[in-house]
Every structure is written in C-alpha cells, then in structure tokens.
Amino acid sequence: MATVNDAGPVFQIENLNVHYGAGRQRLNAVNGLSLTIGAGQTVAIVGESGSGKSSAAMALVNGLAANGEWDADRIVFQGQEISRQELMRLRGRAITYMMQDPSSALNPVLTIGEQIKRVLKYHTSLSSAEREDQAIELMERVEIPDAASRLNAYPHEFSGGMQQRIVLAIALAPSPVLLIADEPTTGLDVTVEAQIYALLERLKRELTMSVVLVAHDLGVVATSADEALVLYAGKVVESGSVASLFRRPRHPYTLGLLRCAHDLHEKNVLNPIPGRIPGLGERPHGCVFHPRCAWKTDECEAADPELIQLDGQSVACIHHENL
Amino acid sequence: MNKARFRILWNRFIGDKLVVLGGVIALLFLVIAVFGPQLAPFGFAQQFRAAAGELLPIDVMSTTATGERLLLGSDSLGRDMLSRLIYGTRTTLVISISSVSMATILAIFLGSLTGYFQGSLFDEIVMRLIDALLTFPGILLAVILVAAWGTQGIKIGPITTTPELTIVFALVFTFTPRLTRTMRGSTIPQAHRAYIKAAQLMGMPFWRIIAFELTPNCLTAVIIQATTYLGLAVFSTAGLGFLGLGPAEPQPELGKILARTQEYFLNRQFWHIFIPGFTISLLVFAFSVLGDGIRNVLDPEFRFEEADV
C-alpha cells in the first residue's frame, strides 16, 4: 500500500517536543517525536486520550493553546529545511487541519458556501465567480448531493456526516500537500465513519496528498494508514509500517492495545491493560510504560529506553525480543 | 437570512401588540424628525408679536399681530411652540440615535478585540479604563462632560464641533463602557469555540477572524442592549437639556422646551408642561417597547409565553 516516493519525504519533523506551562510547572506533553511522511502516504498517530497525539498534531500547525509551546530539531518540507516561521506560513495553504468535531468546527452564522469561499478568497487569487464554481466543485468532490443549491445552507441544516464532509471540503480548498486530520470521525456513527474514511482515502489518492491521521481506533488505522506511530504518555513507544506493526507488535503497549481490540472483536470480552495513563505531571522515571507492563524489570525503572531500529519498525523497549 | 426564518422572526415581532404600537409611534417620530422643516409651520427662532407690538403673551391658540395662528401657543420669547416641538424632537432624536449608534459601533469594536485577546495587556488597559468610567453613575458622567466642554461646541484645533456633537460625545462616553462589557462578555465564550480555532488554523489573520467569524456570532446581546439604550438616550438628552446643558439657544431641544414650560406656571397654565413632557414620555415608551420587541425576536432563550404571563 505504501507509495514509493523518489522525491524524498513530503514532510519531516525531528525531535518534536510540546510542553505546557501550568503555573511554575512545565509539563511535557510530547517528548522527542519524529515523523516522516512521504507523498501520498498516510501516517497515523495512535494513542489513548492524554497520550499527546492531539498536542503533536496541533504543534504541526502551531495551534497549541496559549500556554503551550513546542520545539523541534529539524523541519523539512518538500525536500527543503524550513524554519518555524516558514512552517507557520504554510499552514492553511500547503498544510491544512481538519478539526475533530464538525458540529462546532463550522461557523453557525455563515452559510457553508461563504465558509468555503472565504478560504479560497484568502489563499487563492480566484475571482468571485471562479470561487463560486470552485466551492461547488469542492462540495461535489466530498460527495455532497445537490451541491450548487446547498451552497446557501447553514451548517445546522446538515447532518453530522455531511458537516464533516464540509469541514473536509474547507480543508481541501487551498489544495494542500499535507492534511492533518485530528480524529475526523469523533461523534459520528460507525457507518458514517466508514464513509468518511473511504472518502478521505479516495481524495488522498486523487489529489496526491499526504495525511497525518490522529486516531485512537486501531481498526481505522489498520485500514487507512500506511505507517503508524504509537504514542504513550507523550513518547513514541513503537513506530513502523502498519502491516508489520499489526503483524508483530514489539512493544508491550502496542501488544496490549491490539489484544484489547482483538479480544473485543473476536470473543466479545474486554481485557484492558491494567492501570491508567499517567497524567502530565506524574510521568514515571525510566520507561513511561513500566508501571503497567507485565514484562517489567528493574532496568525498566532505571533508564528511559531509546528507540531501537528493527526491520520495518522501531521500538522503545529493552525487552522487545521477549515479546 | 432566508425567507422562512425572516417570516418566523417577523411574526414573533408583530405578535406582541404593544411592540407594534411602540414601533408605530417610533416610526411616526422618525417621520416628524426627518420631515421636520417641511412639517413645522414656522421657523424655530422666529419671534411673533401681539397686536400691541410687544412679544406675544404665553397662551395656547394665540393669534399674532400679522394674523398667524399658533396652535400650541408661544414661549416667553414669542416663538411658535409647535414648530419648536417639531424641531426639538428632531434634535433630540438625532442626538439619541447617533450617540447610541456611535457607542454601539465603538463597543462592538472594543468588546470583540478585548474578548478575543482576553487577558492581554490591551484587554487589561481597556477594561480598567472602562471600570473607571463606570464609577460614575449614568447621566452624571454626561453632565460632567458637557459642563466641562461647554454647550457651544468643542474646539479641536481650527474646527469647532456643533453643540449637538458635544452632547453626543458625552453620551457616547456614558453608554460605551456598559455596551463594551456586554460585547466582551458575549465574545469570550465564542472565541473559544472550535470554528475560531479552525479559522486560526486556516492561517487567517486575527482581524479577519474577529471581523468575519467572531463578531457576527456575538451581536445579539449588544443589539438588544443598544435598543433599550435608545429610550435611555432620549431620556438623557432631554435631561441634559432640562438642566441647561442642551444645545445652545436658539436651537430647540425637548428637554430645553420642557424647562421653559416652567414659565407657564406663572400664568397658571401648569398643564402646558404636558406638551413637551408627554412627547418625551411617548418617545421613551416607544423605544423601550421596541427594545423589548427586538429582544423577543433575537433572544433565543426568551420565551414569548413567559412574557405574556
């Protein structure tokens, strides 16, 4: 499924750190995340709530909350190393962001036509009539029936699935190279979810666009992503191609997650990983996962394991051979 | 706004008979104000004399030496009461409407900026200034400002403003703080909504987000407050006029006319006070009721049924 790409990665970020200031404290939400994404690829950032996946995605578009800050060693966009300021200039044009909850991501007092057209107005040099045509084309592209006449409708006149299609149309309006989709199907039911992902997949191929998909649903990741980063408590515990990651997880956390999903699906029982994800201020010393890990040894508490390169994936666990 | 929605709102508006009455009265006053010069039988400064040559005595339905009949009589300077009332309504309305609209525009501007940049230095400075202005109770601030600036107009370099503008500015100073607070209050929750974040992530500049995304969602409360302030503005303008802080003579103004009716007391025609008095009351009533009607239409949480109880 992975697209062979000779022009090098479309986007690359090395050692991304996100931290939030809370009073005098500095809380790390993301620690040393590195991400490489090729043309037409989908890279998923997977993790449970509080793992830092949304913070990582938000940092890429400089959209962190006021008390949030991020830094990275190196940012490469389309083969060129760029600064943070240059990255910021790319957002909304070459890099767009698709919000989680479609019901609140659309402005309630503007018609959807206006909302699509204002993005075109700001990011392209199209004339007013061309913008109108382009808006209709975008709406047809995201499969909204009767697009031309729905242009003057308000967001509340659409269903959740249709609203998310419009959010997608807005994100596609500036013809981005990279789309960051932050759990694009939150609050939608399963059938609609499948439709949205199918649409995203098709558009990605048509428009040769790369996608960073933030998700917590492993089923979604398995079907629509090429590569995945498993995030736990702000750290990448395992990454690699979805095919190898799902066939042979090397990290106890990934294994736990997959086992959960598998058992729930096959045997209809839920075997959760014991314990809970540590909060921002209570990250344990050593391996972040050791308090919940069945393979834990004293070495795990002593030092934070580095990402170890294996064929097809990398893993941050000293016991990966024992799994 | 589409047709069906407009119909619903319109029906809600005309459903309340009192609101319709207020609307009709307000409209009537507006017509009088706009067509004042055409409607008034005489000029507002024109003095009439009785047959004997002295100024016309203050009386209702008096006839001048040259045979003009003054329907509501004249004031102590022999000027036609009806014409002065018409011109006075015009002055009062112009001052009230322009001060409320200027204050509202200013409040929308300041309120949306401070709300969007909540907690910033800019927000702190503006809000503390507003707190300072709010320490003065209502009309007192306007009285102080007009007294300080004088009723002859303000000199700004070579330009001298009209006396009316002095009062407008004074009223703008009294209304803006309260309206700004309302606007800021309705902006803050909206500024944290996802669609604002979406616009930021779209790379839109902040002024565009405030002007086109945020503000249209926050106007309801400030518009409702502004309409109720229209009645207050008429009341304040007349109040200033009554206290001798209205526009300078011979410019008529409802409050000034009311003050002059004191002279009729000497003539034992105390009821004369009801002519400008009733006009002011009617105006304030019309605007207040109209404000209620607009609230009924715009406020999504205000239930009509409750209002009828």
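**Helix pair in chain B.** I looked up how α2(B) (residues 17-34) and α4(B) cross in this predicted model. Their axes come within 8 Å and cross at roughly 105°. Axes here are lines fitted to C-alpha atoms, for helices over the stretch in contact, with angles from 0 to 180 degrees between N-to-C directions. α2(B) and α4(B) are therefore roughly perpendicular to each other (65 to 115 degrees; under 35 is roughly parallel, over 145 roughly antiparallel, the rest oblique). Helices (H or I, at least four residues) and strands (E, at least two) are DSSP runs, numbered from the N terminus.

Which residues meet? From α2(B), Phe29(B), Ile32(B) and Ala33(B) meet Ile86(B), Thr89(B), Arg90(B) and Leu93(B) of α4(B). Contact means C-beta atoms, placed from the backbone, within 7 Å. I sorted this contact by class: 5 nonpolar, 1 polar and 1 charged. Nonpolar covers Ala, Val, Leu, Ile, Met, Phe, Trp, Tyr, Cys and Pro; charged covers Asp, Glu, Lys and Arg; the others, Gly among them, are polar.

**Numbering and confidence.** Residues count from 1 along each chain as its sequence is written, and chains are lettered from A and ligands numbered from 1 in the order written. Local features need pLDDT of at least 70 and side-chain atom pairs 80 or more, while totals for chains, interfaces and linings use all residues.

**Largest nonpolar core.** I checked its 152 residues; Val46(A), Ala169(A), Ile180(A) and Val212(A) touch the most other members. Helix α4 (residues 81-116) of chain B gives the most, 13 residues. Domain 1 (11-94 + 176-276) and domain 2 (103-173) of chain A each give at least three; the bounds come from an automatic or database domain assignment. A core is a set of buried Ala, Val, Leu, Ile, Met, Phe, Trp, Tyr and Cys residues joined through C-beta atoms within 7 Å.

Beyond four places in sequence, Val46(A) touches residues including Ala215(A), His216(A), Leu218(A) and Val221(A).

**Val211(A).** I found Val211(A) in strand β9 (residues 210-215) of chain A. Buried or exposed? Val211(A) is buried, with 24 other C-beta atoms within 10 Å (buried is 20 or more, exposed 12 or fewer, partly exposed in between). Its contacts beyond four places are Thr42(A), Leu179(A), Ala181(A), Leu200(A) and Lys204(A). Its C-alpha atom is 21 Å from that of Ser49(A), 162 residues apart along the chain.

**A-B contact.** I noted 17 residues from chain A and 14 from chain B. On the chain A side, α3 (102-105) and α4 (112-123) each supply at least two. α4(A) has the largest share, 3 residues. That side has 9 nonpolar, 4 polar and 4 charged residues.

Definitions and conventions. Two residues are in contact if their C-beta atoms, placed from the backbone, lie within 7 Å.
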